[in-house]
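This briefing covers the pockets of one protein model: their volumes, their linings and the elements that supply them.

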Amino acid sequence: FCVQCGAEDRRFIHGLCEGCYWKSVEGTPREVGVVFCRACFSHLRGKRWVARRGRDLDEVVIDAAREELLRQTELPEGVEVAGIRGEVLERNPNRGEGGDGSGGGLPARIALTITLRERESGTIREERSEAYVDYRLCQPCGCVVRGRYDAMVQIRAEGRILDAKDNGLVGKVFDDFYRETSGRQEVVEVKEHEGGIDVKFASLNAARLFVKMLQEATGASVSDSPKIVGTDKRTGARVYRTTYAVRFPRLREGDIIE
């Protein structure tokens with residue numbers, strides 16, 4: 001008999017009938033939250049923004065909701081997650097880009113059905129949760145909107161101004177950079193200046209990656225100069241802005257010299 005309710009002639013799991021056993025299993029939250037950037041649709045995973053890699057937005061949001069539900073689920077020994085199904089319940093009608101291509105709005109509420117299985121008996125139970133999606137600006141997109149930048153890359157050539165060939169090479173590096181960063185909004189501004197190109201970046205890491213790719217493609221020399229531009233109001237630490245001076249060689253492959 002079940003030591004909890006006294007029921008007999010039922011399926012038992014560790015001294016409890018199936019109903020009482022699953023009532024005792026807790027650990028699946030009823031609600032979870034996920035955060036996406038409303039501009040580039042990157043996903044905030046912990047403290048890090050992860051770029052959306054060209055997939056359907058609904059799938060990306062549902063996967064993020066599954067991941068968050070799994071992270072917050074704490075199950076007793078012997079119970080495992082057999083699967084999690086997700087479905088968009090509600091959309092934000094004031095936003096575009098419906099994930100299904102209909103333009104019906106961004107996913108705002110997700111229904112999650114989690115299937116739990118007790119290993120020894122093989123019995124399963126389904127629990128239902130919901131995920132709520134919050135949209136805000138990620139750090140790079142916020143910098144773009146406010147015109148704020150953490151690093152600048154000044155592209156010049158030794159003893160000459162940049163020509164069409166140089167500009168084409170820079171454009172190719174930009175294409176490779178966007179593929180490498182999965183299209184994240186890292187570039188705040190690009191403008192021609194003093195016979196060269198100045199590029200402002202939202203983050204120092206993005207600027208470093210771009211400089212490395214330029215250097216590998218052209219053999220350019222690079223120097224950097226950090227400068228204090230203020231103080232972080234939250235931590236009191238100094239805030240730096242770094243300028244990278246990238247200098248293309250005076251001679252290029254194919255140039256004829258005497």
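The model is predicted.

**Largest pocket**

- The lining of the largest pocket is made up of 23 residues, and those closest to the pocket centre are W49, R184, E186, S203 and N205.
- At least two lining residues come from each of β5 (48-50), α3 (139-146) and α5 (204-218).
- Helix α5 gives the largest share of this lining, with four residues.
- By residue class, the lining of the largest pocket contains 10 nonpolar, six polar and seven charged residues.

**Second largest pocket**

- Lining residues of the second largest pocket include R148, Y149 and D150.
- Also in this lining are V229, G230, T231, D232 and R234, along with R238, V239, Y240 and R241.
- Strands β12 (221-231) and β13 (238-248) each contribute at least two residues to the lining of the second largest pocket.
- The largest share here, four residues, is supplied by β13.
- The lining of the second largest pocket splits into six charged, four nonpolar and two polar residues.

**Main contributors**

- Which element supplies the largest share of the lining of the largest pocket? That element is α5, with four residues.
- For the second largest pocket, the corresponding element is β13, also with four residues.

How values were computed:
Residues are numbered from 1 along each chain as its sequence is written. This is a predicted model: local features need pLDDT of at least 70, side-chain atom pairs count only at pLDDT 80 or more; totals for chains, interfaces and linings use all residues. Side-chain values use heavy atoms; hydrogens and water are left out. On a 1 Å grid over the protein atoms alone, a cavity is a set of points where a 1.4 Å probe fits but cannot get out, and a pocket is an open set with protein on both sides within 12 Å along at least five of seven lines; lining residues have an atom within 4 Å of a point. Ala, Val, Leu, Ile, Met, Phe, Trp, Tyr, Cys and Pro count as nonpolar, Asp, Glu, Lys and Arg as charged, and the others, Gly among them, as polar.
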